[in-house]
Amino acid sequence: MSEKILEMKDLVKTYIMGDEKQVVLKGINLEINRGDFLSVLGPSGSGKSTLMNIIGCLDVPTSGTYYLSGQLIRDLSEVSLSHIRNREIGFVFQQFQLLPRLSAQKNVELPLIYAGVSERKRHERSAYILERVGLAEKMKNRPNQLSGGQQQRVAIARALVTEPTILLADEPTGALDQQTGHQIMDLFKELHAEGKTIVMITHDPGVAKNGSRIVRIVDGNLSEGVYNA
Amino acid sequence: MLKESIKMALENIVSNKMRSFLTMLGIIIGVGSVIALITIVSGATSTVTDQVASMGANTVTVQVMGTPLKQGLTQGDVDKISELSNISGIAPTISGTTTVAFDGNTMDDITLQGKNDVYFKNTEDVISTGRIINTIDTENKSRVALIGNDIASELYVGKNPIGQPIKIGGITYTVIGILQESSSFASADTNKSVIIPYTTAMGAVGAKYINSMTIYIADETMADTTTREIEAVLTKAFNGDDDGYSIVNMQSILDTIKSMTSILSMMLGGIASISLVVGGIGIMNMMLVSVSERTSEIGLRKALGAEPKQIQLQFLIESVVLCLVGGIIGFIVGVSLAWIVANIIGIGFALTASTVILGIGFSAIIGIIFGFMPARKASRLNPIDALRSI
């Protein structure tokens, strides 16, 4: 249970806005082990989105080191970053980000297309994973024929289908009502129980407490500790 | 990946039917007009060149005006030309006006033409009934005649003229055939003509000289060289004066027509292709709108692991598919238009493989050229910004 899959040391992210230099992340130190369900709790403007972008390899740090699966994420080309995102990260977004013209199954297959998986294998794997998230009956439906909760399940299936190192969720319940949000959190907990590594970014302490571990980010600084509601 | 992209492109076109159609309209009009113009011009070209060729693409015609010293060509001059290489035959013509008579009836102002067997061998449908003037007639200076329709009906009322005698310029000939009725293409009114062997004419009706001749070339590709050799002989025949005759090489006329129409075709095609460029700009505009509308889709695809070049390829394929669909519709429209025009004005309809390739290829190239910029814009979007723009 203690295999380290993510390590950040003194990670700083600075944005230059006009003449002003804005330090968004001020020396982050973070370790994530395989099987963790980490909640990153922070208010808006705390830098949690930037942290998520860096974890998800959508952005690179200004200084400090970031190792993902033993690989140093620095000075990498856009092509290499896209390969890492495809292999290592499964994104779940607040607004689901499903393509409206594609069926649930086709949406799930999308990352497999970029991974170069054959059509037959894509069908098998997407069907299997949709069944796992409880949508075996809805595979041919388009997103607008699904409820919010079902759409988020499709998005989770899409994140899982490549068997990524980290499932990276950004406010996964943010667009859902409370009951549906609970169901999604139950799914996350099940996935965690199966041994999946999950990183969830949220501003909601009630959601964050679903994690096995909580870190708080305030004003660009990260602090470990269990949040007491 | 390619298959998925093409499928996605088609779905995108179908889901934005009105916009796609309006965008494609530019390409439809562009390709349609280029194809229609080229097809119509090439149809017209083939019709005109066929007509010219039917008059004899392998012939050189010589008109003799004569000089003060020598009014026309003699048999000796004709013999000299026939000794040149690459000549398959010479049909000299003697023409004049005469009077014909039969059984006390006379007709004035009759066109007399002296021809030989070579003329009849190379010209179809000269006579309607009877037989043509053959080699023996020409060599023997036979007194045989072909007569026009009017002469046949006026002089031989109720009789078959063939085998009957006819007096031409006071000398008696035997009628061996009747000429076809005049067609609009003929230079002379054959209804009031008689044709006799030119060798007979030279002696009999006081026509000393040959007025014109048609020279048949064996190898058309050498027509220019042969024409120059004939010119040399003729100039010599008129003692160095080349004003005594004019010479027309049909092959060179044909070549001129062909090069003129190909310039015309290129010019019209060029003008029409301006509308293709305008259509291409329409495509670029729609693709740019599409890229900004689908920014979050691009961001998502990048987050899921799409390489920049895969994004670029997807948008490029969309624009090429859009152009190809427009191009195929435009091609069908253009070909139909050309077919209708060809039928209305009565020219040939010639659809060549190169036109097909041109039409379809052009639209694909337009798609690539005008899709490149939007596709590159899409591929360069920052995934974070792109995802944020929900």
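Hi everyone, let's start with chain B. The UniProt annotation "transmembrane region", from an unreviewed entry, covers residues 21-41, 263-292, 313-341 and 347-372 of chain B. Please keep in mind that this is a predicted model.

Let's look at two of those stretches. Residues 313-341 of chain B are 100% helix and 0% strand, and the C-alpha atoms at the ends lie 40 Å apart.

Now over to chain A, where we find a sheet. As a bit of background, strands of a sheet pair through backbone hydrogen bonds, either parallel or antiparallel. So which order do the strands take here? In chain A, 4 strands form an open sheet in the order E2-E1-E4-E5, with antiparallel pairing. At the edges sit strand E2 (20-33) and strand E5 (71-72) of chain A, each pairing on one side only.

Let's zoom in on one pair. Strand E1 (residues 4-17) of chain A is joined to E2(A) by 11 bridges. If you want a place to look, find A:Lys4, which stands opposite A:Asn33 in E2(A). Lying across E1, E2 and strand E4 (63-68) of chain A is helix H1 (residues 48-55), at about 60 degrees to E2(A).

Finally, how many residues does each chain bring to the contact between A and B? Chain A gives 20 residues and chain B gives 18 residues. On the side of chain A that touches chain B, helix H2 (78-88) and helix H3 (104-115) each supply at least two residues. The largest share, 6 residues, comes from H2(A). By class, that side of chain A has 9 nonpolar, 7 polar and 4 charged residues.

How values were computed
Residues are numbered from 1 along each chain as its sequence is written. Chains are lettered from A and ligands numbered from 1 in the order in which they are written. This is a predicted model: local features need pLDDT of at least 70, side-chain atom pairs count only at pLDDT 80 or more; totals for chains, interfaces and linings use all residues. Two residues are in contact if their C-beta atoms, placed from the backbone, lie within 7 Å. Ala, Val, Leu, Ile, Met, Phe, Trp, Tyr, Cys and Pro count as nonpolar, Asp, Glu, Lys and Arg as charged, and the others, Gly among them, as polar. UniProt positions are given in the numbering used here, feature names are shortened, and annotations may be inferred rather than shown by experiment. Two strands pair if DSSP finds at least two bridges between them. Axes are lines fitted to C-alpha atoms, for helices over the stretch in contact, and angles run from 0 to 180 degrees between N-to-C directions.
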